[in-house]
Amino acid sequence: MSSLTNSYSFPVLENDRYDYVDESNYCVSQLDAEKKDYIVLEHKLTGDNLITQLVEADEAKFFTTVVLKSAMYRETLDEVEKINSNPLHVKQRITLQTTFETQSFFCGVVYTGEDREITLDAGSMGLDDFWDGVTIKLLKGSIIARDGWRELESTASDLLTIQKAKEEENIYSFDVTLSSEEGGRFIAKMEPKLFDALQRASDSNAHRRSIVTHILCVGFMQLEKEFRSGDFESYTNFKGIKHELERKGFKTWEDGDEFDPNRVACYFLPHILPVGEEDE
């Protein structure tokens with residue numbers, strides 16, 4: 001999360017740094033959200049230290065920077081809901097961008113007061129003795145606590161839309177096409193009776209999962225064909241999926257014959273059988 005080679009002229013609270021005593025800690029966690037269009041981040045700052053003192057004096061704020069690299073989008077948000085003071089605990093609702101690409105988040109605490117010099121007192125500021133008596137210059141905008149980067153990734157099944165086919169379309173089970181609209185996604189048109197049965201089945205139903213895995217496999221086959229055709233610029237949604245596959249050591253549609261659509265589909269949605277199920 002952090003690098004010990006980072007050097008600052010002022011103390012920073014971060015994992016694997018020793019500017020603050022052990023009682024001081026800053027951590028960020030993601031809470032479940034009620035809807036998929038936002039996430040909730042929980043910031044917790046423990047200990048009586050320089051940072052908690054600055055936050056309580058309205059000279060520092062919690063923040064999250066949201067980055068979407070492909071769109072060159074970057075925004076810093078500092079609106080939070082305070083839960084309690086000891087430990088200093090706030091929640092922050094982050095609206096997600098309408099995309100299936102990987103979105104990155106950087107959380108921390110930033111100094112928002114005026115530029116000024118202060119002489120540090122390790123005992124009252126929760127600092128390591130190294131900083132005792134040191135005079136530092138705090139500059140507005142300095143990051144004084146940091147959690148590091150985190151990523152929010154979509155899965156391949158998020159890029160799949162299953163539609164009910166019309167009777168006259170004469171579809172046998174399902175047909176899968178690749179749509180380039182809105183960044184690209186898989187579109188599966190499904191035979192009406194099968195579609196209705198799929199809607200009634202629960203997400204944990206083994207047969208239902210196998211059908212969707214099969215659809216994903218066909219979709220990845222179509223994706224490879226589209227990449228080979230050379231017209232792939234509009235399929236920006238799949239950049240996050242490609243990044244996830246590469247991180248896990250999978251070959252992607254850009255690797256030619258080494259790409260295995262079935263293996264990739266089963267990675268995102270593996271086949272399952274209930275434990276203890278007997279053969280009939």
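Helix α5 itself covers residues 238-247, and its buried members are F238, G240, I241, K242, E244 and L245. Here, buried means under 20% relative accessible area, exposed over 50% and partly exposed in between (1.4 Å probe, protein chains only). Helices (H or I, at least four residues) and strands (E, at least two) are DSSP runs, numbered from the N terminus. After α5 comes G249, with a positive phi near 90°.

A word on the model: it is predicted, so local features need pLDDT of at least 70 and side-chain atom pairs count only at pLDDT 80 or more, while totals for chains, interfaces and linings use all residues. Residues are numbered from 1 along each chain as its sequence is written, and side-chain values use heavy atoms, with hydrogens and water left out.

Now let us visit T65, which sits in strand β3 (residues 60-68). T65 is buried, at a relative accessible area of 5%. Its side chain joins that of T76 through a polar contact of 2.9 Å. Such a contact is a pair of N or O atoms within 3.5 Å; within protein, one must be able to donate a hydrogen and the other to accept it, and residues adjacent in sequence count only if both atoms are side-chain atoms.
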